[in-house]
Amino acid sequence: MAVSQDDKTLLALYRIPDTKEKGFTLIIQKYQERLYWHIRRMVMDHDDANDVLQNVFIKVWKNLENFREDAQLYTWLYKIATNESLTFLEQQKRKTSISLSEVETGLSNKLRADPQFDPNKLEWKLQRAILSLPDKQRIVFNLRYYDEMPYEEMSKVLETSEGALKASYHHAVKKIEEYIRKGADI
């Protein structure tokens, strides 16, 4: 299947005028699911995640010509997806003029509204615990735990040191463990 092609091949296809759209389509096919779940874990809602993902690919389309390949394509895409997700969450806060705790409650309510939600299952307790983290810790935790992204790549995506990321991940894990251990009210 063409989607398994390496990034250099996909970028080369994109840079040739006759195959530009095909190259871009293959890049989308290769990365859209991973990016969707990365975004979804941050914004919680399926429709919101799709909207943010669409914005990500619009930005990618507009800026892919300027991608210098200093980093891996995957890293560059995750950076855009992370920034777009944070922008979305910030807009939600401003749009409704509510506090961060109210945004977290809103995200928590979206989680509860999921038809599969079962507050007694550990996976849902984990999701609630993750939602209780500050945005930056939540992103670091999601990238490391779900996406298994190495700290080196994460430092490029989030533009911070590996040491700071390791500390942030460690603090996030401790907070999650404590949240689950206390059996926080779901």
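Start by selecting helix 7, where Asp135, Gln137, Arg138, Ile139, Val140, Phe141, Asn142 and Leu143 are buried. Buried here means under 20% relative accessible area, exposed means over 50%, and partly exposed is in between, with a 1.4 Å probe and protein chains only. The helix is mostly covered, with 8 of its 11 residues buried. Helices are DSSP runs of H or I, at least four residues long, numbered from the N terminus.

Before you click on: this is a predicted model, so local features need pLDDT of at least 70 and side-chain atom pairs count only at pLDDT 80 or more, while totals for chains, interfaces and linings use all residues. Residues are numbered from 1 along each chain as its sequence is written, and side-chain values use heavy atoms, with hydrogens and water left out.

**Stop 1: Gln137**

Stay in helix 7 (residues 135-145) and pick Gln137. This residue has a relative accessible area of 12%, so it counts as buried. Show its side chain together with that of Lys175: the two make a polar contact at 3.1 Å. A polar contact is a pair of N or O atoms within 3.5 Å; within protein, one must be able to donate a hydrogen and the other to accept it, and residues adjacent in sequence count only if both atoms are side-chain atoms. Leaving aside neighbours within four places in sequence, Gln137 is in contact (heavy atoms within 4.5 Å) with Ser168, His171, Ala172 and Lys175.

**Stop 2: Leu165**

Now jump to helix 9 (residues 162-182) and select Leu165. Its relative accessible area is 2%, so Leu165 is buried. Not counting residues up to four places away in sequence, Leu165 touches Val140, Tyr151, Met154, Ser155, Leu158 and Thr160.

**Stop 3: the aromatics**

Select Phe141, Tyr145, Tyr146, Tyr151 and Tyr169, which form one aromatic cluster. Rings of Phe, Tyr and Trp (its six-membered ring) pair if their centres lie within 6.5 Å; planes under 30 degrees apart count as stacked, over 60 as edge-to-face and the rest as tilted. By this rule the count comes to 11 aromatic pairs. One of them is Tyr74 with Tyr78, a tilted pair at 4.8 Å centre to centre and 50° between the planes. Both tyrosines sit in helix 4, 4 residues apart, about one turn of the helix. Tyr74 is buried at 9% relative accessible area, and Tyr78 is buried at 1%. For another geometry, go to Tyr145 and Tyr146: the ring centres are 4.9 Å apart and the planes are at 90°, so this pair is edge-to-face. Tyr145 is partly exposed at 41%, and Tyr146 is partly exposed at 28%.

**Stop 4: Thr82**

Back in helix 4, select Thr82. At 1% relative accessibility, Thr82 is buried. A polar atom of its side chain lies 2.8 Å from the backbone oxygen of Tyr78. Beyond four places in sequence, Thr82 is in contact with His38, Met42, Ile139, Val157 and Leu158.

Conventions:
Helix = DSSP H or I, 4+ residues; strand = E, 2+ residues; numbered from the N terminus.
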